[in-house]
Amino acid sequence: MKKIIIVFYCLIVCVCNVFAKNYIDYNIKILKAQTYLLDTKFDSALVVYKDAFNTVDKPFPKDIDNATLVAYYLDSIDLMKNYIQKSLETGKLYKRVKNKYSNYYKNKTFWKEMEVVYIKACERIEAKSDSIYLSLQEMFLNDQKARKSVFNKKAKMKVVDSVNTIKLNRIVSENYYPGFLTIGLHNAYNEIIITDVLMLHLSVDNFEKIIVNAMTRGEVTPYMACYIFIRQYKANYKTTQEPEIIPDLIKKCLKYYKGEKYEQLQKKGFDFHAII
């Protein structure tokens, strides 16, 4: 019996390591695709995007967006439509997607079909919502209610912040940093919850390890991980100064772009720095 338990434990560890490695590999492939785009090698970029998407179950919406544009500029309209649908299936807001791509593809029938896809995706995501997401949503709503108070605002915020801190520390200690992979996109809630509630209320000493693990699991993008790390560093050490060192694994998967080549891509609609 003891041997069976040990084997089962080792199997779980191996699966988790492969799972984590996939997202590190995924992020490195995305950097490679972006390098091809900077060199206007759109065909090569598309090959790498396809390869990256095949390595994980849930590619990040920002990467699907960029691949959608690559397909459009290569005149691969069917693939562009496929990526639009894939983006909506992650739970990304229909209006946001339509506003961005309806100028590229105006077919009204297609967009009506995509609206149905989005509604079904939202229903599926909400149906799969677990206690962690529902707890996060409740914390966010309580946080906003306190901040909009007219009377005793500071006192109410202090109470809510204290309760949220306890809840978040328990969620992270018993599970892990919940993000895109675990709770998905719930309309705009996921982005708001992660950036505002979790970062401002999480109070733990090993925040660096938690954030790096979240990135390797695919809970947050490298840009989001870096953003969270800096905010959490300032909060934990009560400073306005940014950290001198960013964790190596985050740096490995991260690159900030500037210059004429990237500006030209931005004019075409690309965004390498989106946090989700």
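Select Lys-261 first: the residue is exposed, at a relative accessible area of 52% (buried means under 20% relative accessible area, exposed over 50%, partly exposed in between, with a 1.4 Å probe and protein chains only). The model is predicted, so local features need pLDDT of at least 70 and side-chain atom pairs count only at pLDDT 80 or more, while totals for chains, interfaces and linings use all residues. Residues are numbered from 1 along each chain as its sequence is written, and side-chain values use heavy atoms, with hydrogens and water left out.

**Lys-261 and Asp-39**

Asp-39 forms a salt bridge with Lys-261, and the closest N and O atoms are 3.4 Å apart (a salt bridge is a side-chain nitrogen of Lys or Arg within 4 Å of a carboxyl oxygen of Asp or Glu). Asp-39 is in the loop between helix 1 (2-38) and helix 2, and Lys-261 is in helix 14, so the pair ties together parts 222 residues apart in sequence. Helices (H or I, at least four residues) and strands (E, at least two) are DSSP runs, numbered from the N terminus. Asp-39 is partly exposed, with a relative accessible area of 36%. The count of salt bridges comes to nine.

**Arg-147 and its two partners**

Next, select Asp-143, Arg-147 and Asp-161, which are linked in a network of salt bridges. Between Arg-147 and Asp-143 the closest N and O atoms are 2.8 Å apart. These two, Arg-147 and Asp-143, both lie in helix 7 (residues 131-147), four residues apart, about one turn of the helix. Colour by accessibility here: Asp-143 is buried at 4% relative accessible area, and Arg-147 is partly exposed at 29%.

Asp-161 is partly exposed, with a relative accessible area of 24%.

**Aromatic pairs**

Now show the rings. A pair of aromatic rings is described by the distance of the centres and the angle of the planes. Rings of Phe, Tyr and Trp (its six-membered ring) pair if their centres lie within 6.5 Å; planes under 30 degrees apart count as stacked, over 60 as edge-to-face and the rest as tilted. A search of the whole structure finds 25 aromatic pairs.

Take Phe-42 and Phe-270: the ring centres are 5.9 Å apart and the planes are at 90 degrees, so the pair is edge-to-face. The pair links distant parts of the chain, since Phe-42 is in helix 2 (residues 42-55) and Phe-270 is in the segment after helix 14 (260-267), 228 residues apart. Both Phe-42 and Phe-270 are buried.

Move to Phe-110 and Trp-111, an edge-to-face pair with 5.2 Å centre to centre and 75 degrees between the planes. Phe-110 counts as buried at 5% relative accessibility, and Trp-111 counts as buried at 3%.

**Charges over rings**

The charged end of Lys-268 sits over the ring of Tyr-73, 4.8 Å from its centre (a charge sits over a ring if NZ of Lys or CZ of Arg is within 6 Å of the ring centre and within 35 degrees of the ring normal). Elsewhere, the charged end of Lys-58 sits over the ring of Phe-180, 4.6 Å from its centre.

**Helix 2 against helix 3**

Select helix 2 and helix 3 (residues 61-73), which pack at an angle of about 140 degrees with their axes 10 Å apart. Axes are lines fitted to C-alpha atoms, for helices over the stretch in contact, and angles run from 0 to 180 degrees between N-to-C directions. Show the side chains that make the contact: Phe-42, Leu-46, Tyr-49 and Phe-53 of helix 2, and Asp-63, Ile-64, Asn-66, Ala-67, Val-70 and Tyr-73 of helix 3 (contact means heavy atoms within 4.5 Å).

**Asn-27, then the whole chain**

Asn-27 lies in helix 1 and is buried, with a relative accessible area of 3%. Leaving aside its neighbours within four places in sequence, Asn-27 is in contact with Phe-60, Met-215, Pro-222 and Cys-253.

Finally, zoom out. The protein chain has 14 helices and zero strands, and 45% of its 276 residues count as buried.
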